[in-house]
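Reader: I have this one open on my screen and would like to go through it with you, chain by chain. Could you start wherever you think best?

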Amino acid sequence: MVINMNKFRIITAAKFRKNKGQYITFAIILFIAAAMLNLGLVIQMNFKQSFTDKWIEYNTADVTTIMMEQDYSEDYYNKIKNIKGIDSIEKRDCILMEGSYRLNGSEFSMPNVFYNFDDTINISKLGIIEQKDITSDMPAYVSYYLKHSGYKIGDAYVFNSNNTEYRFTIVGFVEDMIFGTQSLYKLGIYLPNESFKQLKDSIDSSNYAVSIGTTLTDRSQSKEVASRITDMLTGKMTATYSCSYFDYCKQVRTMTASVGGMIFIAFSCIIVIVSILISQFRINNDIEEEMQNMGVMKALGYKGNQIIFSTIFAYVVIAGLASMIGVGLSYVALPVLQQGFDAQTGFEWIQSFDFIAALITVVIITFLIILASYLTARKIRKLQAIVALRGGVKTHNFRRNYFPMDHSRGNVNYLLAIKDLFANGKKNFLLLVVIMATAFTAIFAGTMYYNIAIKPQAFIEAICETVPSVSFFVADSEDTSLFDEISKDKNVKSVLYYDSAKVIINQEEIRAFITDDYSKMDYSICYEGREPAHNNEIAIGNFIADSGKYKIGDSISVGYGSNKEDFIITGFMQSVNEQGNCIELTTDGIMRLNDQFKKTELNVYLNDESDTEGYIKDMQSKYPNQILSFVDVVETTEGAMQVFVNIASIMAIIIIIITILLIALILFILIKTVIHNNKMNLGILKAVGYTTRQLRLQTSWSLMPVVGIGVIIGAILSYITMNNVIVILFRVLGVMKLGFLIPIPMVIITAIVMMVISFLIAFGLCGRIRKISAYELISE
Amino acid sequence: MNKVIETKKLCKTFSNGGIQQHILKNVDVQIYEGDFTVIMGASGAGKSTLLYALSGMDKPTLGEIHFCGEEISKYTDDKLAVFRRKNCGFIFQQIYMMDKMSLLDNVLASGLLATKNKKEVTKRAVELFHKVNIDEITYRKFASQISGGEAQRAGIVRGLINKPSVLFADEPTGALNSSNSTAVLDVFTDFNKEGQSIVMVTHDLRCALRGNRIIYLKDGQVAGECLLDPYKPKDAARRTKLDDFLKEMGY
Amino acid sequence: MKSKRLILLIFAIYVIFSGILLLQNNKVVDNHFKVIDVNDLVRTIEESWDKAGIGDAESRHITELAVTYNMGVAVLDLSGMCLYKTKGMKQSSIKEAIEHGDTIMDLCNDGSIEGKIILSNLNMESQMQQTYISRMIIYSTTLVGICLILYMLYLDRKVIAPFQKLNRFARNVAAGNLDTPLEMDRENIFGAFTESFDIMREQLYQAREKEREANESKKELVASLSHDIKTPLASIRAMSELLEITLHESKQLEKVQAIQKKAIQIEQLTNNLFHSTLEELQTLKVNVKEEESLILDDIISTTDYRHLVANKHICECIICCDRLRLEQVFDNVIANSYKYANTKIDIVSRVTEYTLEIRVRDYGQGVSTDDVPLLTRKFYRGKNAEGKMGAGIGLYMSHYFMEQMGGSLIANNYEVGFEVVIEIPLTMIR
C-alpha cells in the first residue's frame with residue numbers, strides 16, 4: 001500500500017500540474033464555503049453559550065423584579081425568598097424614571113433605571129469594559145451598548161424626564177446582562193455613590209424604586225419563577241412594575257447574531273452544493289479524458305477501487321485542505337463580525353478557536369465531496385479494460401444534428417454557438433444551477449437593501465406594531481376638538497387612538513395594543529387570521545400562540561387586576577419589539593376588563609412627512625393643554641434604522657462580491673474545460689478561416705442561453721419565494737409575515753447586469769482560444 | 001503561367017526546451033496557377049511544415065511568402081484567418097470533421113464565412129457533394145457514421161466551398177485504404193483538370209503520380225524539382241520519369 | 001432503458017398532476033364553520049340590531065359578510081318570525097334549521113336574549129361531492145400506480161434484465177473475453193436464443209485456444225534450432241583449424257582457409273561491434289551549426305560597442321556557421337575599423353544562391369593597394385598600422401575561420417574607405 005500511495009501521489013501531482021487553474025478555482029470556492037459555514041456554526045454554537053457564560057460570570061440574577069418604592073413592603077421580599085427554587089436573593093434601591101435620551105442621533109423615549117455603582121453586591125455584578133478617571137460633578141457608567149451607538153468616554157449623557165434635563169458624564173462602559181440594551185424597554189445607568197445620591201435628592205420620591213434580584217438553583221426554571229412573582233404582585237401594585245427573567249433576556253440579546261448565523265449557514269449551503277456539482281462535473285470530464293490511461297491501469301492489474309481512488313484523490317485532498325484554510329480564514333473575518341454584533345447585543349463577545357465547529361466544517365465538506373466524487377467515479381468500476389483502451393464506449397451515438405445550417409436562419413457564428421450549446425448537457429446543468437443560485441442570492445441582497453435602505457416601509461412594518469408620523473399624548477380623549485381638527489386636515493392620511501396597556505395572560509404580564517377600529521390602520525400585523533373587530537375578540541402574538549398551543553377560534557382568558565374575561569382568538573400577530581409576547585384588543589374589549597380605561601395616545605399618519613416637526617409645533621401651539629407630550633416617530637425611526645441600513649449595505653456588498661466571484665470561478669472552470677475538450681474543433685474552425693474573435697464570441701454566446709434561462713428562473717423563483725425565505729431567516733426575530741417589495745425593475749436590472757457580467761467574464765476567459773492554433777492539428 | 005505563390009528564403013525554426021531545430025531552411029519554391037504540385041520527401045523533411053507555411057496556417061520564422069501578390073508572412077493571426085477564408089482550402093490527413101455537426105454543416109460552417117448568401121452557398125455545397133459522389137442521406141450524417149473515404153471527399157468539398165486560389169492537401173490518403181484512396185485521388189485529378197490549383201504533400205508514390213510538378217524536400221531544403229505531363233492513367237513514360245527522379249533524390 | 005424512463009416520466013407526471021388536483025380540492029374542502037366568522041357575523045348583527053329590525057345600510061353590510069364567509073343567515077325574533085334573510089337561504093324557522101343541521105345562535109342585546117340567528121353552510125353539498133371525487137382520485141391513482149409498478153417489475157424481470165445480460169455478454173465477446181459463460185435461464189422468453197449464443201461463444205473460445213497452441217510450438221522450434229546451430233559451428237571452426245595445420249597441399253589449404261574465414265564471419269555477424277576512433281581535435285575547432293541569420297543582429301550590436309554602425313541590413317535566412325567564431329570575426333573586423341578608420345560603418349547583405357554575403361564598409365583612409373591581397377596573411381601588418389597596437393593576426397584568423405565554415409573573407413579597398421566582404425554558406429557542405 002505504501003508503494004501504491006506513492007504511485008497515487010505521483011499521478012495526482014501530475015494531474016494537478018496539468019489543471020492547476022481549475023483545481024485552484026475549486027479550492028477557492030470550497031474555502032469560501034468553509035469559511036462561511038464555519039462562521040455560521042461558530043455563531044450558532046457559541047453565541048448563546050457565551051451569553052450564558054457571561055451571565056454566570058457576573059452571577060446575574062435569573063429573575064429581576066423592579067417595583068416602585070411606594071408599592072414595596074418587606075412582605076414581598078420574604079414571599080419571593082420563599083418561592084421554591086430560589087437560591088439567593090438581594091434587594092437594591094434604584095431609581096426608575098420615564099424619559100428620553102439620544103441614541104444614534106435621534107431621541108428615544110424609554111425609561112432608565114439608575115443603580116448605585118458603589119453598592120456592595122453579590123448578584124448582577126457588572127463587567128467593566130473601559131473606564132477613565134474623569135473628575136466631573138455627575139459621573140456615570142453606561143452600558144457597553146452605548147459605546148457602539150456613538151458615545152465615548154467623557155461624553156455627556158443627557159436624560160430628559162418631565163421637561164427636566166439630567167446631564168451625566170460618561171466615565172466608563174460596563175457590560176450589563178439585563179438592562180444593557182433597549183430590548184427590555186429599560187436602559188440601565190450606574191452612578192457612583194455621590195452622583196446617585198445627588199440624583200436621588202433632586203427628584204420626586206415617586207421615582208424611587210426597589211430592585212430584587214434572585215438567582216435560581218435551576219436556571220431553566222426562570223420563566224416559571226417569574227410568572228409566580230408576577231402572579232403574586234398582580235393587582236397589588238399602584239404603579240408600574242416589571243419582572244425580567246433569564247430565558248427572555250437571552251433570546252432578545254442573541255437574536256441578531258442568530259439571524260446572521262442563519263444567513264451564513266444558508267449561504268454556505270448554496271456554495272457547497274455548487275462545489276459538489278463542480279467536483280462531479282470535473283470528475284466526469286477527467287474520466288472521459290483519462291479513459292485510455294485507466295484502461296492501461298486496469299490492464300496492469302489495478303483494482304477498480306484503486307483507480308477510483310486515484311481519480312478522486314485530488315478532489316478529496318483539496319476539499320480537506322481548502323476547508324481547513326477556509327476555517328482559518330473565517331477567524332480573520334470574525335473580529336469584524338464581533339464588532340457588528342457587539343453593537344447590537346451590548347456585551348463583548350470574545351471567541352477563541354472553536355475546535356468542534358472547525359471539525360464539523362471540515363468533516364461535512366470533505367465528506368460531501370468524497371461522497372459526491374465517489375458516486376460520480378463509481379462507474380469506473382464497471383469499465384472494462386479493453387473498452388477503456390479503445391477510448392471508451394463510443395458506440396453508435398446517433399445524435400441529432402441540431403439546427404441544420406441550410407435551414408436555420410441567422411448568422412453562422414450564432415448557429416455555431418447554438419450547436420455548442422446543445423453539445424454538452426452536463427455543462428449546461430452545472431451552469432444553470434450556479435446561475436440560478438447566484439441570481440437568487442443577488443436578488444436577495446437587492447431586496448434586503450431596497451427594503452431596508454431605500455424604502456424601509458415594509459421592514460418597519462414587519463418589526464414595529466405601527467408606524468405613524470407623530471404620536472401625541474392627549475390629556476383628555478373625551479374632548480374631541482383636537483381629534484376633529486386633525487382628521488379634517490388634508491395632509492392627514494388617518495388618525496386614531498393607539499394605546500397600550502398591561503394585561504395578564506397565563507400569569508404573565510404582557511402588553512396589549514388597543515385601538516377602536518383596526519381596519520383603519522394602514523397595515524395588518526396579523527400573519528394568520530384577522531385583527532379583532534368586536535369586544536369579545538382578541539389577536540395574540542406568535543410567542544403566546546406557540547407556547548399555549550392556541551388555535552384561531554379558541555377562547556383565551558385575559559386578566560386585568562382582579563377582572564378576568566374570555567376572548568375569542570381571531571388571529572396571530574407578529575411583534576418584533578415584544579418578541580411576539582403581546583396581544584391586540586379593541587377599545588371596547590379592554591373596557592370589558594377595565595372600565596376606567598382612557599385613551600391617551602393619538603397616532604397621526606401624515607401624507608407628507610417632510611415637515612413633521614413643523615406640524616408638531618403647529619399643533620402644540622394650538623392645543624397646549626390637550627397635548628401633553630409627543631414623539632416624532634419619523635425622526636426616531638430614521639435613527640433606529642441607521643444600524644440596519646449599515647448591516648444591509650455591508651451584506652449586500654458582500655453578497656454581490658461573492659456572486660460575481662462565484663460566476664467568474666464557475667465560468668473559469670467551464671470555459672477551460674470547454675476549450676480543452678473542443679481543442680480540435682476550434683483548431684479546424686481556425687484552419688478554415690475563423691478569427692479568434694469570432695470563436696471567442698461563439699464560445700461565449702454558447703453559454704448565454706443557459707445563463708439567460710438560469711437568471712430568468714432564478715429571478716422568477718426569487719420573486720415568488722423571496723418573502724417566505726426572508727421570513728424563515730427572520731423567524732428568530734419574531735417576524736412571521738413580510739411584505740417586502742420586490743421592485744420588478746430591480747429584478748430585471750439585476751438579471752440584465754448578471755447576463756452582461758457573465759458575458760464579459762466569459763469573453764475575457766475565452767482569451768485563451770488565441771493560443772490554439774490551426775497548426776496544432778498537424779503536430780498532434 | 002502565373003505564379004500563385006512564391007517564397008523567398010523561407011525558414012521555420014522550432015524551439016524545444018532551448019534547443020533550436022530548423023525544419024525549413026532557405027526554401028525557395030514557386031507554385032503556378034493550375035498546377036497540381038506535389039511536395040515529397042522522407043518523413044521529417046519538413047513537407048507538412050512547408051505546406052502549412054505556404055497556406056498561411058502557420059507563420060514562418062524567416063523569409064517571405066508572396067501569395068497572389070500579398071506578402072503574408074508577417075500577417076497577424078486574425079488577418080491570416082481572413083486571408084485563408086478566400087484563398088486557401090484545406091484537406092487534412094486525419095480529415096478533421098467537427099464531430100458535433102453533420103457533413104453539410106461542416107461545409108457550411110466554412111462556406112458561410114466568405115459569403116453571407118446562405119442559399120447560394122448551400123447550392124454550391126450540394127453541387128460539390130454530387131461531384132464527389134456523396135448523396136443527401138450521407139451528407140446529413142455525422143462524420144463518425146460514415147467511411148473514411150466519404151469523410152475525406154466531404155473534406156474536399158469543405159476545402160473547395162469558398163473557391164480558393166489554391167487547395168492544400170496534407171497526405172489526404174494517409175488514413176485511407178487503397179480503394180478509398182483511389183476515389184479521393186480521382187476527385188483531386190478531376191478538379192485539377194477544371195483548373196483548380198492544388199498543392200499536395202505526400203510520401204506515397206501513387207499520390208505523387210497525379211501531380212505535374214514534383215518538389216522534393218530533403219532535410220528542410222529543396223533537393224530537386226521534376227516536371228511531368230498532365231496525369232493519364234497507365235502512362236508508362238511518365239511513371240519512369242518520376243521513378244528516375246525519385247531514385248536520384250534518394251527516395 | 002429508454003422505455004423505462006418514459007414510463008417513469010409518465011407516471012411521475014400523473015402523480016404530480018393528481019397531486020395538484022388533490023391539493024386544489026383540499027383547499028375547497030377546508031370549509032367548516034369558523035368560530036371567528038360566526039362570532040363576527042353574530043356580533044355585527046347584534047351591533048346593528050334595534051327593536052324595529054335591521055336598517056338598509058346594515059343589512060347590506062351583513063349580506064356582504066355572509067357572502068364572504070359563504071353562509072346563509074336568517075334572523076328570527078322571539079316569536080319565531082323571520083325578520084331578515086340573506087339570498088339563497090331557504091330555512092326560515094327553528095324547525096327547518098334543526099332538520100338542515102344549521103347553527104342557531106342567540107341574539108343578545110344588553111345582556112338579554114331578543115331573538116335567534118340561524119347560520120347555514122351553503123357549501124355543504126358541493127363539499128361532500130368534492131370529498132367523494134378526491135377519494136376516487138386517491139384510489140384510482142394508487143391502483144394505477146400499483147399496476148404500473150407491478151408491470152414494470154414484470155417487464156424488468158422478463159425482458160429488460162435478460163436483455164441486459166445478453167448485452168453484457170455480447171460486449172464481453174466483442175472485447176475478446178470468451179471465458180464468462182452466459183447464464184441460462186429457460187424461464188424467460190429468450191431461453192433457446194440464449195443457449196445458441198453460448199454455443200457460439202464456446203466454439204470461438206476453442207478455435208482461439210488452438211491457434212494459440214500452434215503459435216507457441218512454432219516459437220519453440222525456432223529457439224531450439226538457433227541453439228543447435230552454435231554447436232556445429234564451433235566444431236566446423238575447430239576442425240578447419242586442425243586441417244590447416246595438418247594439410248600441406250596448397251589447393252586444399254586454400255579452401256580450408258576459406259571455410260575458416262566464412263566461419264569466423266558467421267561468428268562475427270553474431271557479435272558485431274564497431275569502434276570508431278575520434279579524429280584528433282584541432283586546437284581551433286570550428287563547430288558549424290545551422291543558425292538563423294537574426295543572430296548576426298545580436299553579434300553586431302554586441303561587438304559594436306561604440307555604436308558606429310549606421311546602416312545595417314541583414315537578410316532573413318538560415319546560415320551555417322559557428323556562432324562563437326563568427327562573433328570573433330565580426331569583433332575583429334569592427335575593431336579594425338574602429339582602429340584604422342573611426343568613421344561610421346555600413347553593413348549590407350544580400351542572399352546569393354549558396355551564400356549570405358555581408359559587406360562591412362567604413363569611410364576611412366583604407367589601406368594601400370599593395371597591401372590588400374596580403375592582409376589575410378599571418379603576422380602581416382599594413383603600412384598604416386605603424387604606431388598602432390596589434391600583432392597582425394586578426395584578419396588571418398578571421399579568414400581561417402570563414403574558410404573553415406565553408407565561406408570566405410575578402411578585403412576591398414576603395415577611394416574612400418575600406419570594405420570587408422564576408423560570405424557565409426547557406427547550407428551545410430557535405
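Author: Let us begin with chain C of this predicted model, where the secondary structure comes to ten helices and eleven strands. Of the 430 residues in chain C, 18% count as buried.

Reader: And what share of the contacts in chain C between residues at least 6 apart joins residues at least 24 apart?

Author: For chain C that share is 58%, counted among contacts between residues at least 6 apart in sequence.

Reader: What is the mean pLDDT of chain C?

Author: The mean pLDDT of chain C is 77, and 79% of its residues reach 70 or more. Residues 271-282 of chain C have a pLDDT below 50, and apart from near neighbours in sequence that stretch makes zero contacts in the model.

Reader: Which residues of chain C does UniProt list as "transmembrane region"?

Author: The UniProt record, an unreviewed entry, lists residues 6-23 and 136-155 of chain C under that name. In the model, residues 136-155 of chain C are 100% helix and 0% strand, with the end C-alpha atoms 28 Å apart.

Reader: I was also looking at C:Thr302; is C:Thr302 buried or exposed?

Author: C:Thr302 sits in helix α8 (residues 294-303) of chain C, and it counts as exposed because it has 11 C-beta neighbours inside 10 Å, where 12 or fewer is the cut-off for that class.

Reader: Moving on to chain A, how many helices and strands does chain A have?

Author: Chain A has 23 helices and 22 strands, and 44% of its 780 residues count as buried. When contacts in chain A with a separation of 6 or more are considered, residues 24 or more positions apart account for 83% of them.

Reader: Which elements of chain A have the lowest and the highest mean pLDDT?

Author: Chain A as a whole averages a pLDDT of 83, with 95% of the residues scoring at least 70. Among its elements, helix α23 (residues 776-779) of chain A has the lowest mean, 60, whereas helix α22 (residues 744-765) of chain A has the highest, 92. Residues 393-398 of chain A are below 50, and beyond near neighbours in sequence this stretch has one contact in the model.

Reader: Which residues of chain A does the "transmembrane region" annotation cover?

Author: According to the UniProt record, again an unreviewed entry, the annotation covers several stretches of chain A, including residues 259-278 and 353-375. Residues 259-278 of chain A are 100% helix and 0% strand in the model, and their end C-alpha atoms are 29 Å apart. For residues 353-375 of chain A the figures are 91% helix and 0% strand, with the end C-alpha atoms 34 Å apart.

Reader: Let me ask about one helix in particular: which residues of α8(A) are buried?

Author: In helix α8 (residues 291-300) of chain A, the buried residues are A:Met294, A:Gly295, A:Met297 and A:Lys298. Looking down the axis of α8(A), these buried residues fall within an arc of 165°, so they line one face of the helix. The face of α8(A) turned away from the buried side carries the exposed residues A:Ala299 and A:Leu300, and α8(A) is followed by A:Gly301, whose phi is positive, near 110°.

Reader: Which residues touch the most other members of the largest nonpolar core?

Author: In that core of 283 residues, they are A:Ile29, A:Leu30, A:Ala33, A:Ala439 and B:Val157. Helix α2 (residues 20-57) of chain A gives the most to this core, namely 19 residues. Leaving out residues up to four places away in sequence, B:Val157 touches B:Val107, B:Ala125, B:Leu128, B:Phe129 and B:Val132. A second, separate core of 44 residues includes A:Val474, A:Phe513, A:Cys526 and A:Leu606.

Reader: How many residues do chain B and chain A each bring to their contact?

Author: Chain B brings 29 residues and chain A brings 24 residues. On the side of chain B that touches chain A, α1 (47-54), α2 (77-87), α3 (103-114) and α4 (118-131) of chain B each supply at least two residues, and α3(B) gives the largest share, seven residues. By class, that side of chain B divides into 14 nonpolar, four polar and eleven charged residues.

Reader: And how many residues of chain C are in contact with chain B?

Author: Ten residues of chain C are in contact with ten residues of chain B, and the side of chain C that touches chain B has five nonpolar, two polar and three charged residues.

Reader: Last one: what ipTM and pTM does the model score?

Author: The model scores ipTM 0.79 and pTM 0.67.

Conventions:
Residues are numbered from 1 along each chain as its sequence is written. Chains are lettered from A and ligands numbered from 1 in the order in which they are written. This is a predicted model: local features need pLDDT of at least 70, side-chain atom pairs count only at pLDDT 80 or more; totals for chains, interfaces and linings use all residues. Two residues are in contact if their C-beta atoms, placed from the backbone, lie within 7 Å. Helices (H or I, at least four residues) and strands (E, at least two) are DSSP runs, numbered from the N terminus. Ala, Val, Leu, Ile, Met, Phe, Trp, Tyr, Cys and Pro count as nonpolar, Asp, Glu, Lys and Arg as charged, and the others, Gly among them, as polar. pLDDT is the predictor's confidence in each residue, from 0 to 100. UniProt positions are given in the numbering used here, feature names are shortened, and annotations may be inferred rather than shown by experiment. A nonpolar core is a set of buried Ala, Val, Leu, Ile, Met, Phe, Trp, Tyr and Cys residues joined through C-beta atoms within 7 Å. A residue is buried if 20 or more other C-beta atoms lie within 10 Å of its own, exposed if 12 or fewer, and partly exposed in between; C-beta atoms are placed from the backbone. The arc is that of the directions from the helix axis to the C-beta atoms.
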